[in-house]
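Please keep the sequence and the 3D view open beside the text.

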Amino acid sequence: MPKLLVIDGERRSVVDLEGETISVGRDPANRVVISDSLASRRHCTFEASAAGVRFVDLDSSNGSLVNGRRSTSAELTAGDTVKIGDVVIEVLTAGSSDEREDLEATPLPDVTPLGSLPSPQAPTAALQGPRVRIVEPVGEEWVSITRSPFKIGRNEDNHLVLADPRVSGEHAVILERSGDWIVADRESGNGILVDGRRVAKVQVLSGMQIQIGDYTLELEGFPQPAHQIGAEAPPVISESEVLRFKKERLEEAPNSRQGLLTGFFIVCLGVILWSGYGFVEDLQRGRVPALDSNDLLGGSGSFEVSDDSEVVPWRPSPGSDVVSIASRISSDAPHGKRTLHVTGESGQAGIVRVEEVGIHEVTGDHGFRLTGKISNEGFDRAGLALRWYTRRAGEEVLIEESFTPLRDLTAGRFSSVAARFSPPRWGDPAAVRVAIIGIGSGKLRVDHVVLKEELESVPPDEVASLETSGSVAIRVLFDNHGVATIEKDGRLRLQAFRLALGGARARPWGQILPARIEAPVVGEDGGIRLGFELDEAGQMSAIAAFARSLGTRVQMTWQPTISVPLLLAARLPSRTERMPVQLIDGELLITAAATLAELSSAAGDVLIIGSGRDQLVLTLSHRATVAVQADPGDGLGSLLTLNFGSLENNEVLECFFSSVSDREETRIGNELTRIEATLSRHLEGEARRMVVRALEDFSWRPELIVKLEAIRDEIDLMASAFGEDLVRARSDLQSYPGSPVLRYLREKCAEAGTRFSGLEVADLAAEISASLREEEEVRTVEEESAALAAVIERGENYFSQNRDELARFYFEWIIANHPDSPQRKPIQQFLRLIEARKQ
């Protein structure tokens, strides 16, 4: 039976073709899942055939190379290869010498569709050493653990992918440390369960089972641990074991120096008790600050460095009304004796923020882990934040603020807050500063704030993205709160685009601080679904959100469960602030401004930011009052708000992002119709001028540019052919005087002036017409001169014959009709002679 050798980076696996069709792609539902970015979700299939293996490409975006040549289908034999991006799939035959002994003769360790999984089986002889398999919900074959760390989670780049919404993107990791193996939680949402108990990490023993989401995993083939490493919670030692331990130690005393050491220890302890009972009390109560050497905040986060005073290395942030900041003794301090006391009232920004004075450098793309203990009295919600700065002209400029979950903490009790932060995508972050956050007004006590740099690069806090089609793409990126960043043509346009509850106010926070949120789910069609709960500005509602790409547009929808006032809000980068803006209501232009920062508050349903290629259009399902608020002092730039008022129950709010508005599409359609109508009237010159104007007006629409350029080129081709016909006809007339082509040439020259006005061929026709008129005038003069000479000759003949009456007639006719003739004087002399002869 043929087999497939799959080489995906460092992973090598052999897949048997046992009469089934093997699907390959990035989607976890495939039989073979590959992580290459050039692979489509369902890229291709393989199945055994009479000739060997039948390969079929499933209309993938980037195609497949069969033996180095692009192909959509092929019959493969042993040694043939199919390349998908950097992944190579080679055809093997059963028992052939091409099979590598170091490969795993099992399917790839990727999740396959439930219901199509093989039944559980014992590990084969080819699978020795550490390995894992899914026991429930459906058994899978064993997967070798050939590297450390071995990652487990929902993301496709994990070594073991678990397709369960309760599983985090990177949920857990299996590590080898000094010969021992451990399973460690990666700060997942639902954790790891061992024997029904949640653990942060636990030592791996062969035969043990762990639970992640709905999956039960069995671990096998691990060596006997050299060191005992406990789980997160220490084991409980029974009283009998303690008594037995003491008895053994006492029995050992006569045979060793243990008795002497014990006595010496008792004496020292007595001295300590006598000299400083307070120190022992502090030791007993765990209040001696033991600072972590990796803590970037150090003592300034433990607040033990100051007496009762306002002098602490923390300060109010701009725009925040803080009444007092002081380090004071607290009997229930979680760490040491002192806590930081913050009293404040929300200012213009609607937030109380206290930040440290010091600042910490950012190393490369490393992120940070921020933890702390907070006791809240009065604030709606509280937490910590990390403020990111860049350096411009020697100054620190705030570019982003990342929050821990802000919660309504239990009054009077310390609660833990923590979060990991990845660097912002924009702004070139160079340093960070820690801040303490309170929404509303009240009092906070804060202790043991710890900031640690992540030793490994932290991936961006980004879970999904959508992109429009076309050369000028709009990209919408979502973080794990469903907050969006909008890019156009690779440049940032809007930051922190999100939903907020309540009426218009200085600084709506909205979905940046959700009260509760579900993990975002990406569907097979690429659509993103998200559920969250907002609690702000005296309003509370569960929200169902959805986003998807619709070709040239991205659609975002929000549906609240109750009738509640809604806002859409976004932060405006400085470049976007400087762009022109138009607000349209239906077909009517309501207002416009040279820059977005100058926009006056007004209502409409289409907002156009920028122009030409930079244009970003927001089309709204409901009329909204659009406003731009100036920087309230937090240094993060202006805020754009779209105030919709209250929506009815289950009414859906929609926003479409595109490069062009419906109004502009209508304008483009009308312009194309006018051009076609002008061409139908055979006015090519006017039509070409209309095309040139349209090319200038819509230079950022590549698909329209192609159509307009084709029309322009067709007009130029017609004009060129018309001009060549005029030149040939002119040449024929010059070669054959009196040719009947003269009439054709005159007609075509007149036609060219009408059809191709303003073009070169019209100028050529005008030149030919002028030359024809000149030649005709010359011929007329010559003909008239010849006729005049004949009349003069006839008069002279009659004069010589003394037939004076006829002579007089001819001579008087010449003077009357040709008064300027050079023969006038001789003719007058003849007339005088005729008169003389009468006498």
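His 448 is partly exposed, with a relative accessible area of 28%; here buried means under 20% relative accessible area, exposed over 50%, and partly exposed in between (1.4 Å probe, protein chains only). You will find His 448 in strand 33, residues 442-457. Helices (H or I, at least four residues) and strands (E, at least two) are DSSP runs, numbered from the N terminus. The phi angle of His 448 is near 50 degrees, a positive value in a residue other than glycine.

Ala 496 also has a phi near 50 degrees, again positive in a residue other than glycine. This alanine sits in strand 37, residues 491-501. Is Ala 496 buried or exposed? With a relative accessible area of 11%, Ala 496 is buried.

A word on the source: this is a predicted model, in which local features need pLDDT of at least 70, side-chain atom pairs count only at pLDDT 80 or more, and totals for chains, interfaces and linings use all residues. Residues are numbered from 1 along each chain as its sequence is written, and side-chain values use heavy atoms, with hydrogens and water left out.

**The chain as a whole**

The protein chain has 11 helices and 49 strands. Of its 839 residues, 47% are buried. Contact means heavy atoms within 4.5 Å. Among the contacts in the chain with a separation of 6 or more, 57% are between residues 24 or more positions apart.

How confident is the predictor? The pLDDT, its confidence in each residue from 0 to 100, has a mean of 79 over the protein chain, and 83% of the residues reach 70 or more. Two stretches deserve a careful eye. Over residues 230-260 pLDDT stays under 50, and the model has 14 contacts beyond four places in sequence for them. Residues 271-288 also stay under 50, with 15 such contacts.

**Asp 614 and Gln 629**

Asp 614 lies in the loop between strand 46 (602-609) and strand 47 (616-629). Its relative accessibility is 26%, so Asp 614 counts as partly exposed. Which residues does Asp 614 touch, leaving aside its neighbours within four places in sequence? They are Lys 488, Arg 493, Arg 575, Met 579 and Ile 609. Asp 614 and Ser 659 are 45 residues apart in sequence, with 8.1 Å from C-alpha to C-alpha.

Gln 629 belongs to strand 47. At 18% relative accessibility, Gln 629 counts as buried. From Gln 629 to Ser 601 the C-alpha to C-alpha distance is 9.6 Å, for a sequence separation of 28 residues.

**Helix packing**

Two packed helices are described by the angle between their axes and the distance between the axes. Axes are lines fitted to C-alpha atoms, for helices over the stretch in contact, and angles run from 0 to 180 degrees between N-to-C directions.

| Helix pair | Angle | Axis distance |
|---|---|---|
| Helix 6 (residues 684-697) and helix 7 | about 150 degrees | 10 Å |
| Helix 7 (residues 702-735) and helix 9 (residues 760-800) | about 20 degrees | 9 Å |
| Helix 9 and helix 10 (residues 804-817) | about 155 degrees | 7 Å |

Angles under 35 degrees count as roughly parallel, over 145 as roughly antiparallel, 65 to 115 as roughly perpendicular and the rest as oblique. Helix 6 and helix 7 are therefore roughly antiparallel to each other, and their crossing is left-handed. A crossing is left-handed if the near helix is turned anticlockwise from the far one by less than a right angle, and right-handed if clockwise. In the contact of helix 6 with helix 7 there are nine nonpolar, no polar and five charged residues. Ala, Val, Leu, Ile, Met, Phe, Trp, Tyr, Cys and Pro count as nonpolar, Asp, Glu, Lys and Arg as charged, and the others, Gly among them, as polar.

For helix 7 and helix 9, the angle of about 20 degrees makes the two roughly parallel. Their crossing is left-handed. Residues that meet here include Phe 722, Leu 726 and Arg 730 in helix 7 and Leu 764, Ile 768 and Glu 775 in helix 9. By class, this contact has 10 nonpolar, two polar and two charged residues.

Helix 9 and helix 10 pack at about 155 degrees, which makes them roughly antiparallel. Helix 9 passes helix 10 in a left-handed crossing. Among the residues in contact are Leu 788, Val 791 and Tyr 798 of helix 9 and Tyr 810, Phe 811 and Trp 813 of helix 10. The residues of this contact divide into 11 nonpolar, one polar and three charged.

Technical notes. pLDDT = per-residue confidence, 0-100.
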